[in-house]
Amino acid sequence: MRPLLLLPEILLFVGGLAVLISGSFLPRRRLWVTRLAAALVLVAAIVAAAVLLAGPDGEAFDGTFRVDTATGVARMVAAFATLLVLGLASDEIAGSPRESEIYALALFATTGTVLLAGANDLLVLAPAFLLASIPIYGLIGLARTPEGAEATLKAYLMGALFGIVLLLGITVVYGVSGSTHYVDFADRLAGAAPAAVAAGVFAIVCGLMFEAGGLPAHFWVPDAAQGSTGTVAAYLTTVPKIGALIAIYRLVLALPETLNVSVLIAVLAAASMTLGNLAAYWQRDPRRLLGWSTVAQVGFLLVPVAAAGRSDLALPSLLFYLLGYTVTNVAAFAVTTALPALRDLKSYRGLGFAHPWLAAALAVALLGLVGTPPTAVFIGKVTTATAAWDGGYAWLALVVLANSLISLFYYLRWIMPTVSRGQTDTPENAPSRWAAGTAVTAAALSVALGIGAGAVWAIVGGS
């Protein structure tokens, strides 16, 4: 094992401890110091991840944790997404008595996310899942509202249920294979009882889908997006997906081809994107709409996972889509955080005249989630659909196209009021400075990544 192979994870976890402890001794007016410390930790983790990504692949703890392109990209994207979320916190959370706890919980959850991405053994996957999940319950509950309390309870109950399902699946797979290490699965599971293996793998995937926020563990996501603060909503609909989806990809790739698990993933992808889009169509609250949109996006992100081992485009398209989705989704939530009083789609009427830059960021984010060029998600959808086609799932590529068209309608329901004359330009609707800046920055990055997709592809493709 190369020295400091786990430096990004060490920085994130130790940084979370430092922020948590220091926040206990600082007066409320100086808790901004913990936000600065968290930002510095995230920047250091990104730099460390970039340095390790430039080097050769490696393994830690007897091969139970894999450090490769997928892990490196997950580290950088998760840390950068958390850094963007801190921009939202600069307005919304600043001065809160629980400010340092929020930053500490975010750093702990991000640590769990990157551990999920690199897990190469089921006994690493399980604690990584818990570390990524448990802080989320606390983050949602910090809203201190009836909606927040309901969302916290749903998230906790769903997390506990699917955490048990995950552990049950790990037990079954270990029971039939005698190993928890991914490198042993191809040989040992090939001759095991197919029904038992299928049940165990399905349980593990369902557990990870809680972290991803997709079907069948999606029930908590819309409530959490609506009931929590904008900062937390942006975080929980973005960062956990990065580790969970890469973890599912690694698991699928490790299993013997005779199991044909890709069919299960393809069905979950189609169901998640379809349900999420149809449910989002009727929403009036912008954050709840984005919550259901998140469920749909998990379906799109599962498409290249279904093509794992069948197409060379599978992993690069997954990593690029995760990067594009991250900045685009944060941009959309940043707009709602900048304008917290606007909790109905119609209340955005006149935004284009009152705050044109914010309206432009919203349009870029929403059209980007549809998959409109030249945004990054457009490249992500094209490459994931191509990976599905190459992998023998032409029908899934058509489902991606159909659901992208369906999503256009409910996003337009939000965009159209912004270009109409209205009453958005009032003192109580003045946008928050940091959140507005984050929205514009993230939207610009979405476009920049789409235009510079070739250079980014060379990184995520490992070339």
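Visitor: Which residues is Thr418 in contact with, leaving aside its neighbours within four places in sequence?

Guide: In this predicted model, Thr418 is in contact with Tyr348, Arg349, Gly350, Leu351, Gly352, Phe353 and Leu362. Thr418 itself lies in helix H18, residues 394-418.

Visitor: Why is Thr418 called buried?

Guide: Its relative accessible area is 4%. Buried means under 20%, so Thr418 counts as buried.

Visitor: And what makes Asp62 exposed?

Guide: Exposed means over 50%, and Asp62 has a relative accessible area of 76%, so Asp62 is exposed. You can find Asp62 in the loop between strand S1 (58-60) and strand S2 (65-67). Its phi is near 60°, a positive value in a residue other than glycine.

Visitor: What makes H12 roughly antiparallel to H13?

Guide: Helix H12 (residues 261-280) and helix H13 (residues 286-306) pack at an angle of about 160°, with their axes 7 Å apart. Angles over 145 degrees count as roughly antiparallel, so H12 is roughly antiparallel to H13. By class, their contact has 18 nonpolar, six polar and no charged residues. Among the residues that meet are Ile265, Leu268 and Met273 in H12, and Trp292, Phe300 and Leu302 in H13. The crossing of H12 and H13 is left-handed.

Visitor: How do you know that the span of H2 agrees with the value at 1.5 Å a residue?

Guide: Helix H2 (residues 32-54) has 23 residues, which should span 33 Å, and its end C-alpha atoms are 34 Å apart, so the two agree. The buried residues of H2, including Arg35, Leu42 and Leu52, pack against helix H1 (7-23), helix H3 (69-92) and helix H4 (99-118).

Visitor: Last one: where are the cis peptide bonds that join Leu215 to Pro216 and Pro373 to Pro374?

Guide: Pro216 is found in the loop between helix H8 (194-212) and helix H9 (220-227). Pro374 is found in the loop between helix H16 (356-370) and helix H17 (376-390). Omega is about 5° for the bond of Leu215 and Pro216, and about 5° for that of Pro373 and Pro374.

Notes: Residues numbered from 1 in each chain as written. Predicted model: local features only at pLDDT ≥ 70, side-chain atom pairs only at ≥ 80, totals over all residues. Heavy atoms only, no water. Axes fitted to C-alpha atoms, helices over the stretch in contact; angles between N-to-C directions. Helix = DSSP H or I, 4+ residues; strand = E, 2+ residues; numbered from the N terminus. Parallel < 35°, antiparallel > 145°, perpendicular 65-115°, else oblique. Left-handed = near helix turned anticlockwise from the far one by under 90°. Contact = heavy atoms within 4.5 Å. Nonpolar A, V, L, I, M, F, W, Y, C, P; charged D, E, K, R; others polar. Buried < 20%, exposed > 50% of the residue type's maximum accessible area, 1.4 Å probe, protein only. Expected span 1.5 Å × (residues − 1).
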